[in-house]
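Colleague: I'm new to this one. Can you put it up and walk me through it?
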Amino acid sequence: MTTDQVADSILDETAAVSRPKQWATILRDTWSYGRTKVGVGLFAFILLLAVLGPAVSPHSPTQFIGLPFASPSHAALLGTDNLGRDVLARLLWGGWSVVSLSALATGIGMALGVTLGLIAGYAPAWLDEIVMRLLDVVLAFPSIVFALLLVSIEGPKLWLIVLAVGMGHAPRVARVARGATLEVAQNEYVESTEVLGVSRGRILFGEILPNITSPLLVEFALRLAYSVGIIAALSFLGFGIQPPNADWGLMINENRIALSVQPYAVFVPVLLIGILTIGVSLAADGLSRAIVGIERKPGA
Amino acid sequence: MHEQLVRVEHLRIELESSGIQIDDDVSLSLNCGEVLGLVGESASGKTTAAVSLLAYQRRGARIAAGNVLLKGRDVLGLSPSELRKTRGGVIAYVPQDPSMSLNPALRIHTQLLEVLEEHGFGNSRGDREGRLRDMMDEVLLPGDADFLKRYPHQLSGGQQQRVVLAMAFACRPAVIVLDEPTTGLDVTTQAHILQTIRRLLAQYGVSALYVTHDLAVIAAVADRVAVMYAGRLVETGSRHQIFSKPVHPYTRKLLSAVPDVTARTMPQGIPGIAPRPGHRPAGCAFSARCDLVVDRCRHEVPPMEQVAIGQHAACWRWADLVSSSQRTGEGSLCRWLRPTKQGGGLLELTDVSAWHGRRQTLDNVELAVRSGECTALVGESGSGKTTLARCIVGLHKGRVEGTITFGGQALRGMARKRPRQTRQAIQYIFQSPYSSLNPRKTVAQLLGRPLKTFFDMRPQEMERRMVEALEHVSLDRSVMGRYPDQLSGGERQRVAIARALCAQPALLICDEVTSSLDVSVQATIVELLSRLIDETGVAVVFVTHHLALVRAIAQEVVVMSDGRIVEAGTTEQVLGSPQADYTRHLLADTPQIPL
């Protein structure tokens, strides 16, 4: 907080003055948390690995370079997988699908959820009720079951997986967006545009949306972490990237039978998926702390 | 002689992080049985100074220097357990907003009993229950089990404040710090609560520090008055001295900014804004807004000097001022005393009734507004005045019956369904400029909204109109790039008015537009509205609960109660010789400054 804001918080004798922080302040506060630095660092590491991996990979991910489940050696630093392909190469090639599909799915989920949430939060009660009850139906299925349901109808297509995971997120995002909208819509500045006769769409996206971005940003980061888990799980179950392409979730499935013989082929992808979700979650946590303004504990 | 109960010496409070001073060199004393009124505008640091009597500071602030002596003991040096016994036991605190200080999850019985138990009052539960019922009697609340079983949200604002008062007086403290206890209440409730406070203080012989921004309230309760500005005391004296022979220029200006139900002149605002911590000038903090400023004021902080027996002021020019102990020059005459151009009929309401769900909030209301005229809608909270205003502008979401005609045309219920010309011609200004301006939009974007909605114009033309509107409300064009949170409350309300002006309205509806502003700012906004009516011929419907403001600005007054109009007429008739009992009660309950 700036000195002026601290002074205001102490001196404000007229209560109920809502002062959302400006973006620069939020980002600076977010970055001031140790957890954000760690989280962003971990995320950046995975992102670099996923983007630059293919360029520095020693082998092609589909090239057979030795016996199946061979232990680490000079030729294959992390050993080989179930078909004798280089584990390192498959790791370097297999990150991009997890990262990109998760980001896409989260984006779709946010777009859908925010739109529905804004509409529900600002609409008359009957429309709000209809939208939210329909979303409850989707919410009744666990995300992964919902995705499996769609995939089992259409077959394992990447666009479908992205859409399914995104749709799974939509109800939860919509709830957050609706809650925030309800609060913001009570403000007189919304009424002041109603009096002018400004269209509903412009009120939703021009007046309300800019004021609920903080909770949505936190929600985005959280959903991203969930997306990684679900996308990796779907790949593990064989509904994501299809062999022989490389993918971290797929690798776990392919190599789990030899866990005791060649652990690297399973543990390293598990570790990388873990790092990705932990990194994103930490950054999300830092962001939400900055927004609600939790006091920093010593050492945190 | 009274003995001194509380002594605050050279108190300095600063921000923990940066060391910027919030309060500096504040010295106060409180005698037994005395009520000291601490007056100041928002951000003057009055609450910060007051709560330091309980050795308390809000997070981020720190008492950097000074002593607070309570019965001769330094409160600031007490251990946490001693402090806990002292707070509530010897010195109690009544906060501004009772709904925030009562725990919403506990019955009031539990909360009242807790105070008594915490301070070991009485020997048995029976003693405490007895005391509790006595307290309820004293604050004029029913003490029966049914009432005590209620939760805070089941009480009205006035009842909540009475419960908090009961908690404060429960352990018979020696001192009470009252922090704007009547600010959120309407005049009638305020009058009753003030009466209760005065009675309790006298009955218990309790000393009190009464913090408020409202000089009229101070006049009703305080024996002595201390005036604060920008974190320093500028003047102290007896009530009589402060109100009849004020010395400090700030005190004088503050007094002329307070509207009065009997005055013939408009209240005068203080131009400029009060400096916030970290932006306070060297020397006298008031120098930038003072007419009498000399060079010395800008460099050296004036010390508190005795200007009369029992009266102190911090001003380099006090000697010149004592001899001319007059208030500052007279303001312009109240609007109703001035000849004004009267326009034709603009707005007419016939038999308008409105409902909130099943509850009827307006009952066959009739109203006529002519252009170039200011009509005041007066009433307590819940009287239906805001509902009426919202019906006119098309914001009321419930059922409405009856006809509203504007410029000869009948109006549809909701603004969205009305033709563009009507939406443009009727503009609404909201109560709180803190929530009526979108915090994510710059002033230029805010002003541009009505221009884009109603007029098809080029960017240069738009800019010209915005600057023009800002000039009307005495704001510089440099504010166009700023966000609302970079403006003071008064500046925000000016922007809100400028936004309404951009639409070139024929009718402005002002809903309690000054109630969230300081008195000095309130006066400037009233002046501004009055000038706008004269210059542009716009009609104004001024919704308020403040009768003294009505007298200053309105030509016609409509008094409402329980959704009905109880009295209507010219300002002279209604305030001069009120016919309805309700109007007479309202007038009697309006606190006044003794002249």
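Modeller: Let me start with one residue. B:Lys397 has 11 C-beta neighbours inside 10 Å, so it counts as exposed. Bear in mind that this is a predicted model.

Colleague: Where is B:Lys397 in chain B?
Modeller: B:Lys397 sits in the loop between α13 (385-393) and β16 (400-406) of chain B. Its C-alpha atom is 9.9 Å from that of B:Thr387, a residue 10 places away along the chain.

Colleague: And B:Gly398, buried, exposed or partly exposed?
Modeller: B:Gly398 counts as partly exposed, because 17 C-beta neighbours lie inside 10 Å. This glycine is also in the loop between α13 and β16 of chain B.

Colleague: What is B:Gly398 in contact with, leaving aside neighbours within four places in sequence?
Modeller: With those left aside, B:Gly398 is in contact with B:Ala354, B:Trp355, B:His356 and B:Gly357. As for distances, the C-alpha atoms of B:Gly398 and B:Met414 are separated by 9.8 Å, and the two residues are 16 apart along the chain.

Colleague: Step back a bit. How many helices and strands are there in chain B?
Modeller: Chain B has 21 helices and 22 strands. Its C-alpha trace spans about 70 × 65 × 45 Å along the principal axes.

Colleague: How does the radius of gyration of chain B compare with that of a compact globule?
Modeller: The two agree: a compact globule of 595 residues would have a radius of gyration near 25 Å, and chain B has 25 Å. In chain B, 52% of the 595 residues count as buried. Taking contacts in chain B between residues at least 6 apart in sequence, 69% join residues at least 24 apart.

Colleague: What about chain A, how many helices and strands there?
Modeller: Chain A has 12 helices and 0 strands. Along the sequence the pattern reads α-α-α-α-α-α-α-α-α-α-α-α. The C-alpha trace of chain A spans about 75 × 50 × 30 Å along its principal axes. Of its 300 residues, 45% are buried. Among contacts in chain A with a separation of 6 or more, 70% are between residues 24 or more positions apart.

Colleague: Pick a helix pair. At what angle do α4(A) and α12(A) pack?
Modeller: The angle between α4(A) and helix α12 (residues 264-292) of chain A is about 30 degrees, and their axes are 11 Å apart. That makes α4(A) roughly parallel to α12(A), since angles under 35 degrees count that way. Their crossing is right-handed.

Colleague: Which residues make that contact?
Modeller: From α4(A), A:Val87, A:Leu91, A:Gly95 and A:Val98 take part; from α12(A), A:Tyr264, A:Ala265, A:Val268, A:Pro269, A:Leu272 and A:Ile273. By class, the contact of α4(A) with α12(A) has 9 nonpolar residues, 1 polar and no charged.

Colleague: Now α5(A) and α7(A): how do their axes cross?
Modeller: Helix α5 (residues 125-140) and helix α7 (residues 158-185) of chain A have axes that come within 9 Å and cross at roughly 130 degrees. That is why α5(A) is oblique to α7(A). This crossing of α5(A) and α7(A) is left-handed.

Colleague: Which residues meet there?
Modeller: A:Leu135, A:Val138 and A:Leu139 of α5(A) meet A:Met167, A:Ala170, A:Pro171 and A:Ala174 of α7(A). The contact of α5(A) with α7(A) divides into 7 nonpolar residues, no polar and no charged.

Colleague: Where is A:Phe69, and where is B:Glu512?
Modeller: A:Phe69 is in the loop between α3 (34-56) and α4 (87-122) of chain A. B:Glu512 is in the loop between β19 (507-511) and α18 (519-536) of chain B. A:Phe69 has 19 other C-beta atoms within 10 Å, so it is partly exposed. B:Glu512 has 21 other C-beta atoms within 10 Å, so it is buried.

Colleague: And peptide bonds: what joins A:Pro243 and A:Pro244?
Modeller: A cis peptide bond joins A:Pro243 and A:Pro244, with omega about 10 degrees. A:Pro244 lies in the loop between α10 (213-236) and α11 (248-255) of chain A.

Technical notes. Residues are numbered from 1 along each chain as its sequence is written. Chains are lettered from A and ligands numbered from 1 in the order in which they are written. This is a predicted model: local features need pLDDT of at least 70, side-chain atom pairs count only at pLDDT 80 or more; totals for chains, interfaces and linings use all residues. Axes are lines fitted to C-alpha atoms, for helices over the stretch in contact, and angles run from 0 to 180 degrees between N-to-C directions. Helices (H or I, at least four residues) and strands (E, at least two) are DSSP runs, numbered from the N terminus. Angles under 35 degrees count as roughly parallel, over 145 as roughly antiparallel, 65 to 115 as roughly perpendicular and the rest as oblique. A crossing is left-handed if the near helix is turned anticlockwise from the far one by less than a right angle, and right-handed if clockwise. Two residues are in contact if their C-beta atoms, placed from the backbone, lie within 7 Å. Ala, Val, Leu, Ile, Met, Phe, Trp, Tyr, Cys and Pro count as nonpolar, Asp, Glu, Lys and Arg as charged, and the others, Gly among them, as polar. The radius of gyration is taken over C-alpha atoms; the globule rule is 2.2 Å times the number of residues to the power 0.38. A residue is buried if 20 or more other C-beta atoms lie within 10 Å of its own, exposed if 12 or fewer, and partly exposed in between; C-beta atoms are placed from the backbone.
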